Amino acid sequence: MLFHIGIKPPAQGETDYTFVVPVFDRINEPCTATWPTKEGLEDEAVFTLLAKAAKMLREGGQLTDLEDDYDSVQDHHKAYPACTNWLSLDIDMDTAISNSKLTQEYADQGYTMIKEAWDSLVADSGKPVHMFVATDKRATQFLAEFEMNRRLLLAIGLEVKPLVEGVTVNLSPSTESVH
């Protein structure tokens, strides 16, 4: 199955790239996240996409709900003008979900990679971790997106520990558009 992933470069004064998989908007499950560097962005997009698709299937959705045609792809480009780069990833969803890269080992590897990115972000801030969390928008966004993915993985039976011990992340529906 072919997925089109929009990439929004960091805004001036920011460092994180944002990616979006617009086809998930059709099923009211926005699939978007940020990543601190270009390196690893594609892997994070695939990981997030597979977790969202697995959740959709558990809730009775069908893989055909995620099919895009050429006109839809053109609509994605119009709907997400801030995305200046686009990836097209061809993923064998039946194999990916049945063989599931979403194993505990994969979740553990992903956690290690994300923890390293988090630790680097904290170190670059020059602040103690709890001060960074309390005062920097990047920290809040990073932790919120991590928690969304963590909850998806917990929902399919995988164990993922919190990124920062002693910090509780509360998520609530956004009233802002994801575009």
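Colleague: Hi! What should I know about the model and the numbering before we start?

Modeller: Hi! The model is predicted, so local features need pLDDT of at least 70 and side-chain atom pairs count only at pLDDT 80 or more, while totals for chains, interfaces and linings use all residues. Residues are numbered from 1 along each chain as its sequence is written, and side-chain values use heavy atoms, with hydrogens and water left out.

Colleague: Great. How many salt bridges does the structure hold?

Modeller: Six. A salt bridge here is a side-chain nitrogen of Lys or Arg within 4 Å of a carboxyl oxygen of Asp or Glu.

Colleague: Which residue does Glu 14 meet in a salt bridge?

Modeller: Lys 137, with 3.5 Å from N to O. This pair links distant parts of the chain, 123 residues apart: Glu 14 sits in the loop between β1 (2–8) and β2 (17–20), and Lys 137 in helix α6 (residues 137–155). Helices (H or I, at least four residues) and strands (E, at least two) are DSSP runs, numbered from the N terminus.

Colleague: And is Lys 137 buried or exposed?

Modeller: Exposed, at 59% relative accessible area, whereas Glu 14 is partly exposed at 39%. The cut-offs are under 20% for buried and over 50% for exposed, with partly exposed in between (1.4 Å probe, protein chains only).

Colleague: What about Arg 150 and Glu 147?

Modeller: Both are buried. Their side chains form a salt bridge at 3.0 Å, N to O, and they are three residues apart in helix α6, about one helical turn.

Colleague: Nice. Where do Asp 119 and Lys 115 lie?

Modeller: In helix α4 (residues 104–125), four residues apart.

Colleague: Switching topic: which element gives the largest share of the lining of the second largest pocket?

Modeller: Helix α4, with five residues. The lining includes Met 113, Trp 35 and Arg 138. A pocket is an open set of points on a 1 Å grid over the protein atoms alone, where a 1.4 Å probe fits, with protein on both sides within 12 Å along at least five of seven lines; lining residues have an atom within 4 Å of a point.

Colleague: What volume does the second largest pocket have?

Modeller: About 200 Å³, taken as the space filled by probe spheres set on the points, which are joined across faces, edges and corners.
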